[in-house]
Amino acid sequence: MGRYVLRRLLQLVPVFVGTTFLIFFLVWAVPGDPFTGMCGERPCPPQFIAAMTDKYNLDDNVVVQYLKYMGALLTGDFGQTYAEQPIGDMIANAAPVSLRLAVVAVAIEAIIGISAGIMTGLRRRGFLDNLVLVSTLFLIAIPTFVTGFVIQIVLGFQLEILTPTVSSKATWGELLIPGFVLGSVSMAYVSRLTRASVAENRRADFMRTALAKGQPKRRIVGIHLLRNSAIPVITFLGTDIGNLMGGAIVTEGIFGIHGVGRLVFEGILDKQGAIVVGVVVLLVLVFLLVNLLIDLLYAVLDPRIRYD
């Protein structure tokens with residue numbers, strides 16, 4: 001196991017370098033003047049532009065800029081905005097909020113989606129099965145921003161059951177509704193994936209063997225069926241954590257959440273490429289580490305899997 005983990009960690013290095021360089025190149029290639037608006041309504045004087053260009057190494061080619069950026073990043077320095085705000089502090093304030101939102105979304109989609117998938121997978125072609133299939137198709141077809149606006153207007157403004165926006169503290173309770181909105185589409189996919197996996201494994205040879213041995217039905221379903229059916233679902237949930245953190249721009253905008261999604265959006269509008277690159281670096285690290293943990297979890301779910 002130790003050799004496998006070390007090998008996987010080494011494999012993550014070129015993936016990390018390639019991904020971060022790609023996003024760095026794309027941000028560097030975006031046209032436009034990054035200093036627009038910094039001097040009010042008047043154009044910035046040439047002396048100011050020359051000083052800022054030299055300070056932020058904008059005259060260097062993209063490879064040199066990337067190497068300088070990664071060298072500073074290895075020391076924990078995410079750089080500064082053009083207004084000299086530390087990007088590391090901005091990410092440190094926004095990332096915990098988005099992480100809590102992603103955890104709430106994953107928990108909701110896992111609890112509701114897996115439960116619905118198990119029930120429909122064990123009892124197919126019934127009323128509950130049809131209800132889940134129709135409702136999940138409904139959730140998949142509706143864009144997230146529509147779901148968010150409908151819930152906000154109905155529950156927040158009309159019925160006044162909840163506050164339409166999230167406070168600056170962004171507590172776990174306040175993130176329940178935004179988490180449901182963010183994870184609604186993934187919840188539908190989890191439900192369908194669990195249903196298909198359970199239904200397929202019900203006809204597997206190991207299930208017939210367990211039945212022939214006379215094992216209790218609870219053990220057959222809980223140990224043999226669900227553990228083997230959980231592997232594709234766990235894979236989806238694991239990869240979804242990084243996707244939810246990076247794809248929360250719409251949800252965070254609707255509910256006024258100050259997370260990394262909103263930070264990226266503001267960075268794009270203000271042409272602050274360093275903010276975008278810094279957030280992407282964080283998301284890439286989260287995505288790669290979560291995928292490594294998911295791979296290691298396979299051996300726990302299926303004893304037949306061994307890592308040498």
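Residues are numbered from 1 along each chain as its sequence is written. Because the model is predicted, local features need pLDDT of at least 70 and side-chain atom pairs count only at pLDDT 80 or more, while totals for chains, interfaces and linings use all residues; side-chain values use heavy atoms, with hydrogens and water left out.

In soluble globular proteins, nonpolar side chains tend to be buried together. A nonpolar core is a set of buried Ala, Val, Leu, Ile, Met, Phe, Trp, Tyr and Cys residues joined through side-chain atoms within 4.5 Å. Here, buried means under 20% relative accessible area, exposed means over 50%, and partly exposed lies in between (1.4 Å probe, protein chains only). The largest nonpolar core of this model has 36 residues, and those with the most contacts inside it are Leu 175, Ile 257 and Val 279. Two or more residues are given to this core by each of the helices H4 (87-122), H7 (176-201), H9 (217-246), H10 (249-255), H11 (260-269) and H12 (273-301). Helices are DSSP runs (H or I, at least four residues), numbered from the N terminus. Helix H4 supplies the largest share of the core, 12 residues. Apart from this core lies another, of 15 residues, among them Leu 73, Val 276, Val 277 and Leu 288.

If its neighbours within four places in sequence are left aside, Leu 175 is in contact (heavy atoms within 4.5 Å) with Val 97, Arg 100, Leu 101, Val 104, Val 166, Ala 170 and Ile 257. One of these partners, Ala 170, lies in the loop between H6 and H7. Ala 170 counts as buried, at 2% relative accessibility. Most residues other than glycine have a negative phi. Ala 170, although not a glycine, has a positive phi of about 50°.

The surface also carries nonpolar side chains. Patches are made of residues with over 30% relative accessible area and no salt bridge, nonpolar side chains (Val, Leu, Ile, Met, Phe, Trp, Tyr) being joined within 5 Å and like charges within 9 Å. Accessible areas come from the Shrake-Rupley method with a 1.4 Å probe, and for residues only the protein chains shown count as cover. One nonpolar patch, of about 880 Å², includes Phe 145, Phe 149, Phe 157 and Val 250. Helix H6 (residues 144-158) gives the most to the patch, with seven residues. Ile 153, also in the patch, lies in helix H6 and is partly exposed, with a relative accessible area of 38%.

Charged residues complete the picture. Side chains of opposite charge can pair when their charged atoms come close. The structure holds three salt bridges, each a side-chain nitrogen of Lys or Arg within 4 Å of a carboxyl oxygen of Asp or Glu. In one of them, Asp 129 pairs with Arg 195, the closest N and O atoms being 2.7 Å apart. This pair links distant parts of the chain, with Asp 129 in helix H5 (residues 127-141) and Arg 195 in helix H7, 66 residues apart. Asp 129 is buried, at 2% relative accessible area, and Arg 195 also counts as buried, at 14%.

Another salt bridge joins Lys 68 and Asp 60, with 2.8 Å between the closest N and O atoms. Lys 68 is partly exposed at 42%, as is Asp 60 at 24%. Arg 262 and Glu 266 also meet in a salt bridge (3.5 Å, N to O). Both residues lie in helix H11, four residues apart, about one turn of the helix.
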